[in-house]
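Here are my notes for your first read-through. Keep the viewer open and follow each point in turn.

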Amino acid sequence: MSDLPAELTARPLALIGMVGLDISNPIYHAIWDAFSNNRRPDGAAVQFKLFNSTHEFPTVKPKRNSYEWYIPKGILKRNWMNKYMNEVPAVIVIFYDLDWHDSQWNEKKMECASRVQSLRAALEGRSTKIAVVLVQKEAPPLPDTEDLVATERATALCAACELPNKMLYLLPYTDHLLGYTFRLEHVLYELAQNFYHQEYKIVKNHREQLNKTAHQYLFVRHQFKMAFLNELKQDQTTALKHYQQAYNNLLDIRMVDTNSLEIKTVASFINYKLCRLMFNLKLPKDAIAQFRSHTERFRTRTGPRELMFEHYAWLCSQYSTFAELFDEAIRQGLPAVQTQHPGYYFQLAATHATQRHNAYKELCDNVTEYPNPDPLAGEEKLEFYGQRPWRPGKLNAEPADMTREAAAIQALQYKEKYSVNHSMIIIGLLGNAISQFKMYRCPRMRRLLVVQMAEEYFNCKDYGKVLTLLMHMLWEYRNERWPVLLTDILKSALNAAYLSANIQDYLTLALEALGPTTVFSTERKSEIYQNIMNILQNKPPNPEPNLSEELKNSVIDNWMTQLNRKEPLIFKIDDDNMASFIDIRARFTKPSYSIKSTVTIEVFIRNIYNEDVEISKASVTITSPGYSAEFPITDSNMESLVFKAKESKKFLCQFEAPRNDSPELQISAISIYLGNESKCCIAIRFSSTGRDTNLLERMYPEIQQLRGGVFETIRPLTVTKIQPKESNVTVGVESKQPALLGEWFTFAITIFSDEDISNINISVNSVQDNSSEQLTELSLNMTEKQSSIAVDIDSIKADSSFQQTLYVRSHNTGEKTIEIKVSYLRQGQNRDSKITLYQFSIVKPFDVSTQFYTMLYEPLSKAFVDEPLFIMPHINCTSPWPIQIESTSIELASSMIMESESSTGENILKNSVLNNGETATDVYCIVPKTASEQPTSTGIFTIKWKRANDKASVVTSSSVTLSPLWVEEAVIGLQTKLPPHGWVLTPLCVSYFIKNHSDYLITLRLNIEASDAFMFSGHKQIDIHILPESEKKVEWILRPLVAGFVALPSLSLTVPADEEYKLNQGRLKEVIERSIPSHIYILPKPITLEE
Amino acid sequence: MAVCVAVIGKDNSPKYIKCVDETNALQFHYKVHTSIDIVEEKLNIGTKTVADNKELFLGMLYSTEEYKIFGYATNTKIKFIIVLQSSNATLRDNEVRMMFRKLHIAYANVVSDPFYIPGDQIKSRAFDSAVSEIMS
């Protein structure tokens, strides 16, 4: 809080004076300590002060009865606040040692009374309250007992001292001292509040006598006093109200040059109090609004032009004070936001400090001596705040003394020039602002402030700091890619580097200035380029433009000594620290190289500057863990190292691949040398990937491809692998894929080598995938099954091969992988090995499907016990290879028997060859013997087969389970005996055998329907009874009438209704349908000679 | 009306800056640049609370004694900044909004140019005239 008086910024506390406490006495010292030092944080807002019993209090001014003829000479008196804070106590306390039962009670009573009297005299005219505290050694009486002596003596003492009863307090000096003092403190605080309220009332009464024309100053003063008294009373709300009125009254005063300083000073005081109270009362928005209108109003009230700097200093202090208040409020828990925080105010304060600096430069340049006599003498002793020492208490109306005025202005200007360090003020404010903006996440604002700070350091010629700050900011601004800003910073930094003769930084900055991201004019760029060239030739660069002659001349010598050193000057500059005018890309030509082969790196160098540039040398640094080497680039096509404007060239860098532990090589950097290494030279180190110009590319990768330019499309390849030379052993596998399920699949492994190898070991394994179980067998000879095979061979001569045939059998279809690992000893080298994975697929050779037919060759879905049927296995070849069937056989299930044993003859399918898609069918006649609830298995079909196209193949036997069949119990068996055909008009005999398989007697009604095609004899309708397990025969003689495939007269069997439980009518119908032929061939009558 | 109009790309680098007073351009460059801080903060908060916040106008970013700075961000994170004189108190929020809308339309026309590569500086006569209209 730069120039606010301490009494204004201190927290107003009620002042309580203490008399009679002699601190050299340990008891009193303890009491004083209890009051003043052991304050609790929640204690009352009071300040205790020790007064000597003979202390002289400020005298009271004579009371004014009327203000009519009074003309105030200023607004606020300098001593008033201090008087109420430190000199006029609200309450004064007399400490006195006195016990109720003291032996010299009367003498002591009188002494105490006289002390009170003398103090009262000292405070004549003030309404300060007087209290007496008796320090007693006796223990206090118990609360419910009454000490009559004490009561009586207390009344007597009060009377002697002329004090009301309630102004007498006791302080027993016992164990609970702190508790007593705390209570006493509260009582005294209340008394103090009463005092301030009373004072407030008095001031308030004055006001009524004032008039607007003559007493404008008093309006402000009285309101200020009322507000301040309320503050002492700790009534902040009322205080705020009065401060506001004071402020408003102040604004009513007409401002002229003579009183402007006073008004502004008082305004700043009141504003300070207002803002502070508003922050305290949690009204931050009001505080900000008040401050805004305050600065808004006074910004234009500049006062006399010669003292412009004073106005800016005032504005600056307004802002910085407010910023500090704001910051303080935040520390008390006020939340701030990014757009409203103390940083802005510090920044504005800095801005005004800069304006002050500028104003000072403009106004105070010619001031060289301090006027005599000192017109500023006695500044500290003025009666009013903000008045000029050379015309104190003058009112506006009086004419100014022009010579004194001029001398005073000169004195102020002299002071401004020689006693104020403007730069330090600005830097300090900027520093505050920077830390605030950092806290409220405004990185860019922070950068701007840092740049401004650097500017200020430049003004005070601290070039080292300028460079440190700007080099840092350059890096940040470069990433943001704002060319105008970057250029601005480069300008300042170049100036600083030039003036400090810092060659390294100067070169870095100059190189960057030539880069593509700046907006320097072409002429300026060529000047900068010329400066670089000058340095390379050990000549000082031309001075930067816009520097004063004086500054320029001061550094020439410095440059000369820097440049004319004996040893060669080599400046190493890292590309990270700048963005130069040379662009680099580098890549390996291959992602891997074998040991001892030549590694080639392509280096692309582009000159982005718009004039010719010559480089003296370029080299590439290669690193890998534990290895680092630098290789110069070779001019493969004798290209010179002079680059025309915007030209890019390609160079090669070749070297033999090193042999080391780590297989990776990396291009870590590319160095470009400018200038002669023996004199002065700049080495620029570029990272291999090129600068981070690809930001755009990251943002819009698809679109950037549209951009033309070869250079941009070069993809850097900065890492390569170094691999040992490959061995030339090859492993080949031959086989006739796919393999067939269940066969021994032959595959031949051929190992070929172009050099002598020995001690060869071949191991073959089938690779298991986790899901399938071990269903693959390996064998060397098709008889011994092995899970893995190992073959050892002594040696293979160069350019010869070795072949080994192996067999594999698999019992499920799908893909299989076999791992063949060949390990061998190379000549003069370590063991080497090669793993080949061989994958093959397994397919089924054929599908077997089963079909069932009735004896009538009708497809059958259900069989009946004892009814013969045909079973036909179909072999459908699915193998890509032709297969030859050696034999087939069927093994029937236990419930089936062959119809006739005689069919053991030649197998019909023997030696038949099936191609892909062809089908062979076998047929057997079987009779089911038992019925079951669910389909029963019929048997197992075994096929012996081999590949038809391969002589060496062996017979494989595959067994297939035939489809199961549903076999049902039959109650009635029906058989027909019928000649294969008949002749027209020739009788033929048809017999039906009906068999009862059940254990019941079955009655059936047999009914034969008439047919147009036949005449017949026999029963048309008959009931037959069949005993259990017996057979009945029914016969008819038919005489066909027409020729052709003629329907037989249809036979129907019905069960009487009461017997349906034995035999289902539906089942009976089924039996008829499948057992009785429906048609018969009738041949026309042969025409014989006889007829 | 406006004293400075700026278009800032997705990468926060300037794509177009035009000031009424070109001699003071540097100052405006700095002003526009620092206002990105607040734009970024506002955009960050926006994504946190309402994802489909369709409001592109960011309102006043900050004000100094002389200038008021307004911001606007498109859905593709292109930012428009307009600097107005603080003394011009008659300008309503809605009028500033209109300025931005005009600017946005002009920008949309620029990027619709098949020869314009997004991320490049804007060099377009039509855009220039749209900006001058805003600044006049």
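How much of the accessible surface of chain B belongs to carbon and sulfur atoms? Start with point 1. Keep in mind throughout that this is a predicted model.

1. **Chain B, surface and burial.** The answer is 52%, out of an accessible surface of about 6700 Å². Chain B has 136 residues, and 51% of them count as buried.

2. **Chain B, layout.** Count three helices and five strands here. Read from the N terminus, their order is β-β-α-β-β-β-α-α. Now look at contacts in chain B between residues at least 6 apart in sequence. Of these, 55% link residues at least 24 apart.

3. **Helices 6 and 7 of chain A.** Two packed helices are described by the angle between their axes and the distance between the axes. Take helix 6 (residues 177–207) and helix 7 (residues 216–232) of chain A. Their axes come within 9 Å and cross at roughly 170°. Angles over 145 degrees count as roughly antiparallel, so helix 6 and helix 7 of chain A are roughly antiparallel to each other. The crossing is left-handed. On the helix 6 side, the contact residues include Tyr196(A), Tyr200(A) and Val203(A). On the helix 7 side, they include Met226(A), Leu229(A) and Leu232(A).

4. **Helices 16 and 18 of chain A.** How do helix 16 and helix 18 of chain A run, roughly parallel or roughly antiparallel? Helix 16 spans residues 463–480 of chain A, and helix 18 spans residues 503–513. The axes come within 12 Å and cross at roughly 25°. Helix 16 of chain A is therefore roughly parallel to helix 18 of chain A. Helix 16 of chain A passes helix 18 of chain A in a left-handed crossing. Leu467(A), Met471(A), Leu474(A) and Arg478(A) come from helix 16 of chain A. They meet Asp505(A), Thr508(A), Leu509(A) and Glu512(A) of helix 18 of chain A.

5. **Strand 17 of chain A, two faces.** In a regular strand the side chains alternate between the two faces of the sheet.

6. **Strand 17 of chain A, partners.** Which strand pairs with strand 17 of chain A in the parallel sense? That is strand 8 (residues 592–594) of chain A, over three bridges. Here Ser594(A) has Gln723(A) as its bridge partner. Strand 15 (residues 664–676) of chain A runs antiparallel to strand 17, and three bridges join them. In this pair, Gln666(A) stands opposite Val719(A).

7. **A three-stranded sheet in chain A.** Three strands make an open sheet in the order 43-41-46, with antiparallel pairing. Strand 43 (1021–1026) and strand 46 (1051–1054) of chain A are at the edges. Each has a single partner strand, so one side of each has no neighbour in the sheet. On average, neighbouring strands of this sheet are turned by 25° against each other, direction ignored.

8. Six bridges connect strand 41 (residues 1002–1008) and strand 43 of chain A. One bridge pairs Leu1006(A) with Ile1022(A) of strand 43. Helix 24 (residues 1065–1075) of chain A packs on the sheet and touches strand 41 and strand 46 of chain A. The direction of helix 24 makes about 155° with that of strand 46 of chain A.

Terms used
Residues numbered from 1 in each chain as written. Chains lettered and ligands numbered in written order. Predicted model: local features only at pLDDT ≥ 70, side-chain atom pairs only at ≥ 80, totals over all residues. Heavy atoms only, no water. Pairing = 2+ DSSP bridges. Helix = DSSP H or I, 4+ residues; strand = E, 2+ residues; numbered from the N terminus. Buried < 20%, exposed > 50% of the residue type's maximum accessible area, 1.4 Å probe, protein only. Contact = heavy atoms within 4.5 Å. Areas by Shrake-Rupley, 256 points an atom, 1.4 Å probe, with all protein chains shown as cover. Axes fitted to C-alpha atoms, helices over the stretch in contact; angles between N-to-C directions. Parallel < 35°, antiparallel > 145°, perpendicular 65-115°, else oblique. Left-handed = near helix turned anticlockwise from the far one by under 90°.
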